There are 4 protein chains.
Amino acid sequence: DKRASYNLDTMLEPNFKVAESVLKDLVSSELATSYFIEKKVREFCQLYRSFSDDQKGALLVTLCRNFGLEHKKVMSAAENLLQEKEDNIMALLRLEERLKDLLSPKYNWIFAQIGKIDGGVKFLVDMRADLLCSISREDGGIDLLPSMRSMNNALRDLLVLWFSVGFLNLEIITWKSPCEMLEKISEYEAVHPIRNWTDLKRRVGAYRRCFVFTHNAMPSEPIVILHVALTDNIPSSMREIVQTPKMMSVDSVMSSTGFKPEEDVRSSNSAIFYSITSTQKGLQGIELGTYLIKRVVHEIQQEMPNVKVFSTLSPIPGFKMWLISQIKEAEKGCCRVFTEEEQVNLVEHFGPPDRFYCSFRYMLGNGSWIQDDSLVQILEIPLMRMCAQYLFLEKRRGLALDSVANFHLRNGAVMWRINWKADLSPRGLGNSCGIMVNYRYFLEDCDENSSKYLRKRTIATSEQVEHLANESVQVKTSSKL
Amino acid sequence: DKRASYNLDTMLEPNFKVAESVLKDLVSSELATSYFIEKKVREFCQLYRSFSDDQKGALLVTLCRNFGLEHKKVMSAAENLLQEKEDNIMALLRLEERLKDLLSPKYNWIFAQIGKIDGGVKFLVDMRADLLCSISREDGGIDLLPSMRSMNNALRDLLVLWFSVGFLNLEIITWKSPCEMLEKISEYEAVHPIRNWTDLKRRVGAYRRCFVFTHNAMPSEPIVILHVALTDNIPSSMREIVQTPKMMSVDSVMSSTGFKPEEDVRSSNSAIFYSITSTQKGLQGIELGTYLIKRVVHEIQQEMPNVKVFSTLSPIPGFKMWLISQIKEAEKGCCRVFTEEEQVNLVEHFGPPDRFYCSFRYMLGNGSWIQDDSLVQILEIPLMRMCAQYLFLEKRRGLALDSVANFHLRNGAVMWRINWKADLSPRGLGNSCGIMVNYRYFLEDCDENSSKYLRKRTIATSEQVEHLANESVQVKTSSKL
Amino acid sequence: DKRASYNLDTMLEPNFKVAESVLKDLVSSELATSYFIEKKVREFCQLYRSFSDDQKGALLVTLCRNFGLEHKKVMSAAENLLQEKEDNIMALLRLEERLKDLLSPKYNWIFAQIGKIDGGVKFLVDMRADLLCSISREDGGIDLLPSMRSMNNALRDLLVLWFSVGFLNLEIITWKSPCEMLEKISEYEAVHPIRNWTDLKRRVGAYRRCFVFTHNAMPSEPIVILHVALTDNIPSSMREIVQTPKMMSVDSVMSSTGFKPEEDVRSSNSAIFYSITSTQKGLQGIELGTYLIKRVVHEIQQEMPNVKVFSTLSPIPGFKMWLISQIKEAEKGCCRVFTEEEQVNLVEHFGPPDRFYCSFRYMLGNGSWIQDDSLVQILEIPLMRMCAQYLFLEKRRGLALDSVANFHLRNGAVMWRINWKADLSPRGLGNSCGIMVNYRYFLEDCDENSSKYLRKRTIATSEQVEHLANESVQVKTSSKL
Amino acid sequence: DKRASYNLDTMLEPNFKVAESVLKDLVSSELATSYFIEKKVREFCQLYRSFSDDQKGALLVTLCRNFGLEHKKVMSAAENLLQEKEDNIMALLRLEERLKDLLSPKYNWIFAQIGKIDGGVKFLVDMRADLLCSISREDGGIDLLPSMRSMNNALRDLLVLWFSVGFLNLEIITWKSPCEMLEKISEYEAVHPIRNWTDLKRRVGAYRRCFVFTHNAMPSEPIVILHVALTDNIPSSMREIVQTPKMMSVDSVMSSTGFKPEEDVRSSNSAIFYSITSTQKGLQGIELGTYLIKRVVHEIQQEMPNVKVFSTLSPIPGFKMWLISQIKEAEKGCCRVFTEEEQVNLVEHFGPPDRFYCSFRYMLGNGSWIQDDSLVQILEIPLMRMCAQYLFLEKRRGLALDSVANFHLRNGAVMWRINWKADLSPRGLGNSCGIMVNYRYFLEDCDENSSKYLRKRTIATSEQVEHLANESVQVKTSSKL
């Protein structure tokens, strides 16, 4: 099997052989007792858990090859169907049923059996994460890719059924929540990494809320995590979020007995979603984040009727990379990025045209420009302009190119405000030159906004963003002259 | 639509029309936002909940007709597939995918959407109960029956996925459990009806255990209920179960504070399952009872290592009806039910042959024989014999005719002992002439027993049962002389 | 011991002797280990629990006699103190300490030791109930009464410390609460007895709230129970409370899954306390009811800001008995109860003066007057008038004679409205001729009202009550003519 | 008030004056409503919480002076009592009651009122901690000390009543417990400080148990904390406790879903108490640690019947300090610490007599001897011997001088084994030259051991300890030669 990307020796190892034979036993037995099936499923799961990545990849390939669609049988059943008389409804139904069974590969049945045992759902979620890796590595070779993708879709469809709203629990995480949960929240936080336990304590302290979805079949595992700040305006930078909130020391708020000063939530009119994280790679493509935001909005409206403004403070993960590609284009002369005047000012810092683009890219790359106040000032207008262009005008299949933008626009949010010097952490500089954006949720408009975005590709936005984006286009166009 | 069994006017009522149009909107919209789908699904569910039985039946017919398989499209897709070259794997997969989609009716998608909302799973369970009624009533006429059955299967397959072990919670019900739960347990109990709250209190009191499965999507609804008695032998009658347990008054055990005498579980070596009830008609065909027994056995082994014997004390719901049919056969002279000697003794009570069978059937019917001690004595041997024959030898498709026997034999239990005068309640007399049976679970043999039963149709049994059954056959055979 | 009211033989029974010797061991041992003390305390408690009422009484007498104050030692310590120099502060403190120890009887120490063990607090509460009985029976004879009362006070003072707010938990009881709790609530309800489980279900259903205090040392025992109805006015009869609330059927509200209609609490502006019960006789004199009302008011204000009116609908337990005593006075000619005109009208029903009072009392006694509409009409004004007099003017030590009135006036409530035909149950007729009264809580005035009532004996009341009471006085006075 | 140790200006600050006047209001009002009392108590508590340490001290002095015993009144009441006739029992009781009231200072009543409000018990615990400081600082001068001590005793007696077993909850702390709780456990741990969260995680992980007492009036505050290790022998050093337990990685044990490997508690036969901490200074003198150990033993016996051995691994906090004092004595020639032979060996390291003791003490002081293997070997015998003498023979008021020894001996434990090189942490070296001791709990003997220890001052011990102690005495005695 020279096409396989994994180490073929893995398939020769004894426990790999055992796993293959367990699968075979499991599938072959007709009239198997539930005891037998459960036993074999447990054996399989335990073996798989003990496998190396290579072995897992190899086993997924085996699963796809040996328990996938049997085209010949499908063909033959299709022929049988076509030969039946159209008015014999019972016979047609029977033949269609048979065809449908054949079109549902044996691995579907295996997945369903795994899902039945305790811990089985979590196993399938983890196995799908492995499968996504395996597909990206092209385990099994390029010829098997379409079948592997089919298997991935089949598994996703099953997981969709199990991760519907009725099985998800909204939990509010506080400093009284289990350590196990808080440790995971700390570890999973990707948007604004949690540095230490004091930081974590603040995230669940006064004027902060941390919501998670947990799933009944995966207790104490946060599936999606949403961090919210209660403020009295829409913040334009992470600084406003991170700093300890007014009037309250962390400790006093935490003290649970006696004469405790509470946060005064009546003073807050805004709920800011400043970090949302999906933790399970195996649930890729199953949009739980959207549901979580909806539920949280509902929850906050119930708990705090004063809160009228719902907005995010969001990263722009793809901006800098896209900007650099634009600069390369500009270097080639294909378009313009700066106005004449800007270019003149920038030349002072980056040198004449032959070195200009190169040193500019270099400085963007290492983020050192943020130390130079005059440079920061010069760059504000062109970078904000380019960012608006990126967010508002750059598309993929008609939808916003930026993944975070696409997520919130799908949900029906408005692209509200682009903020300069909003996140000066290495991550913020590295991804988006320190720029962040607020997506604002006007609850009564979300359905319509979402619908327009999905059907007509129209992005709801504020004047600021639209204006900046238009300017950017003008500069770009002028550049063709 | 003259074939329909429901009142056709129901389909003309305004809210029925609304429900039809909601379904149409729901299905027709491509690229619908999740807001829109959720809204429509909620509208549909609320309408359906408000419907009369007739309207529900009519709507299920509509669902089946309008959103079922489209045979033409299936045919055409099957043709397309057959025309494709066999080595073009990507094209084949695409065409097979298309065919599979067409073979999965639109109502499948609707069911899945309903399952996503809060309370949706319970809605589908209830709707399936309606569907089973609708099928038995032949709503939609006999022609639609096969399609209705297909829809039923589709819904069952979906529910199977949602009612797997990982989503079921084992709860132990005590007098400290929510009133809501205990009220339901009292209402659902079918095997040995609970007469009042004192009776209920005893069911969850000392030397008794009540286990239920609840489901995450249907909180505070007991899905399956299992009543267990802790004893020091295998009881041969309900009397031994019902009477207040030794040494302990109900009240003293219940008192939760101060110096409470506890039951002394170390004195019990047997766990007797004396009632098991599945409460949801809509989960017909999804074997949760088996899982519950397994879990409970495990739980008891953990909590009370002294308990070594696991057995049921079970009703024989079909015995009397079968016995009467046998007597009719005997009346016709096709077989014998009693030995010569027995017949002589019975004639004293029931008169000569011309009246004998008729009065015998009559007395069985009203259960009055139990008042007559001499009759009870005479009947013990022949009725026990016939009962053994019924349980051990009467089959349907090779499996035990009696539904309770079939359930426990599938689980791998041994048909252990038939008990005379075991349940003298009207129900017990009416169903099985007061006879009950113990099915015993030898844990280490269950898998093998179950497997033999399913594959070879072999029933594991004790000598008592086998002996009685053999005698019965001898009498029957002798009767042909 | 001829003074004792209990059967003296009880003291000769072996286990009584054992209990006496356990107490002796317990008290005598200096430097006893905690193991020893705990063991002896447990022995004592178990013995006492097993005693008959007579034995309990006898033991309480023994406790009081043998472990009470030792006057001689007290005297001698008092003398020692008086002989010490006044400026020797250390010596004084030591002698005072010694005196104080001697003034704290040995039984105090025993009570404290009992309170230390698990279940000990509940034991003491129950023992105090026994002690109150014992005192009322004059166990131990009249000479011991003062000492028995001292012991009672000592026990009460200890219980006061243990039943302070910090140890009481407010629980809201619903149909989801433990059966054990709901059963007790049903049994304890004295004001408006709960007839069956449907009745109970309504008490915790829509537009109703049931609050209890539980104590950490007596889990699942409701100490005080308060029933509240949410209404849109102040009801003038139990009928308005008892009837199933508007728009909602009990079942629909109870259904916990799916599409449940909720009560709409925004439509209620009033919270009516229609039953409050203290369940523990042993906590007599420890005012937990007041705390419960305060907490509940706070809770309702938090949960339902729309609720602005807080009022009771209260029984008048002593009215009829007092009324009959007044009628006897009137019969003697000491005062008047009816106006001339009323008397004339009543004579039609009760006959001339020689029979009048006797038949009137007889009819009041059996409550049959309520069946006679004309009589009901004639009696309304005089009975309401008399009731106002009873509630507003009749005093004991300056405070309201009626115990319920005294309770709410102490709490600072206003005597708001007297209601005719408010409780026509046998109990209502028997206690108060069917009349009930609303005490209204104006939260901002409670402190002042309470203070005026306690210091100046002033009852805050409405014009209706004051007017009726004045009229009653006028009639009474006129009668002296 | 020149005697006061606190800054007198604190008493002139406005909020101090307010607090004084609040107290005066509170006490002076007869017939005060409960509203008024509660309001004043809350005001007082809030003011006190806001005070500086100086102000708190000053207020406690005020409390003692202004609301303490009024000797004159006591005297006069004592005289009244003595003048009463001895046979007028009612009058005597009344006068004794009056005397007792006067002997219970007004601050007792204030404390009781504070205890009634929410958070009041915790307030009193904290205030007692302040009071203990205040007493040790001699706030109020030496003359007031006896009165301050009386106030401390009064407060302690009240707290004893509130911290009895019935109000304490045993909680088992795991990684699933609230972060708030685990953070506190980490902070409070004094015996073997917890270095980081991984360390903490291990403390509550496999083969470890962490038990705490919480109190109902101080939720989420661990009052006493006991760390237990499950082992298969009695460990002789902290190393055996600290190292990650056999076969199990921390993470695998923690993973809560799926196929989790559990610890196998059947393999453990010993429960080792390796750290016990009382967290509330204000509960000094209230022995909750003893109760916790008893409860935990009971709990472990229930959960793990295999565990038969209960032992501590305990520090010896006072050993090194005592040892140094002994060495000083030896230096003076009053006694001997080493045998001739030992002395000879040690001289090599510490030089001749004139420098010997000084350098020995210096090395003990900085713990550097532990680096020198030969020295460690030479010192083992004499230090172990001295330690046995310290533990077994050194007494205060007849009881063991070492506080930890005294605690466990009171509980009835046996002084089981002294362990060399048992705790080489800076703390272990600093307190006890790295030596630790096992106190073993033979459950059936505890009562008797405890009793013998308390009554006859007899210490139950093993041969090892007794032998070592005897040797030490011999050396010491020989030294007098």
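Biologist: What are the ground rules for the numbering and for the model?

Modeller: Residues are numbered from 1 along each chain as its sequence is written, and chains are lettered from A and ligands numbered from 1 in the order in which they are written. The model is predicted, so local features need pLDDT of at least 70 and side-chain atom pairs count only at pLDDT 80 or more, while totals for chains, interfaces and linings use all residues; side-chain values use heavy atoms, with hydrogens and water left out.

Biologist: Why is Ser220(A) called buried?

Modeller: Buried means under 20% relative accessible area, exposed means over 50%, and partly exposed lies in between, with a 1.4 Å probe and protein chains only. Ser220(A) has 18% relative accessibility, so it counts as buried. Ser220(A) sits in the loop between strand S2 (208–215) and strand S3 (224–231) of chain A. Its phi is near 60°, a positive value in a residue other than glycine.

Biologist: What makes Arg457(A) partly exposed?

Modeller: Arg457(A) counts as partly exposed because its relative accessibility is 34%. Arg457(A) lies in the loop between H20 and helix H21 (463–478) of chain A. Phi of Arg457(A) is positive, about 65°, although the residue is not a glycine.

Biologist: What makes a stretch a helix or a strand?

Modeller: Both are DSSP runs numbered from the N terminus: helices are H or I over at least four residues, and strands are E over at least two.

Biologist: How do you know that strand S9 (residues 436–441) of chain B is enclosed?

Modeller: Six of the six residues of S9(B) are buried, so S9(B) is largely enclosed by the rest of the structure. Met436(B), Asn438(B) and Arg440(B) point one way, while Val437(B), Tyr439(B) and Tyr441(B) point the other way.

Biologist: Which strand pairs with S5(B) in the parallel sense?

Modeller: Strand S4 (residues 270–278) of chain B does, over four bridges. Ser270(B) has Val309(B) as its bridge partner in S5(B). Val309(B) and Ser311(B) point one way from S5(B), Phe310(B) and Thr312(B) point the other way, and all are buried.

Biologist: What makes the β-α-β unit of S4(B), helix H13 (residues 288–303) and S5(B) right-handed?

Modeller: A crossover is right-handed if, with the strands pointing away from the viewer, the path from the first strand over the helix to the second runs clockwise. The unit made by S4(B), H13(B) and S5(B) is right-handed.

Biologist: How do you know that chain A and chain C do not touch?

Modeller: Contact means heavy atoms within 4.5 Å. No contact joins chain A and chain C, and their closest C-alpha atoms lie 10 Å apart. Chain B and chain D do not touch either, with nearest C-alpha atoms 10 Å apart.

Biologist: How many residues take part where chain A meets chain B?

Modeller: Chain A gives 58 residues and chain B gives 58 residues. Buried area is the accessible area (1.4 Å probe) that two parts lose on being put together, summed over both. For chain A and chain B this is about 5,200 Å², of which carbon and sulfur atoms give 67%. On the side of chain A, Tyr35(A), Met75(A) and Lys116(A) lose the most area to chain B, together 13% of what that side buries.

Biologist: Why is the meeting of Lys294(B) and Glu38(A) called a salt bridge?

Modeller: A salt bridge is a side-chain nitrogen of Lys or Arg within 4 Å of a carboxyl oxygen of Asp or Glu. The side chains of Lys294(B) and Glu38(A) meet at 3.6 Å, N to O.

Methods:
Two strands pair if DSSP finds at least two bridges between them.
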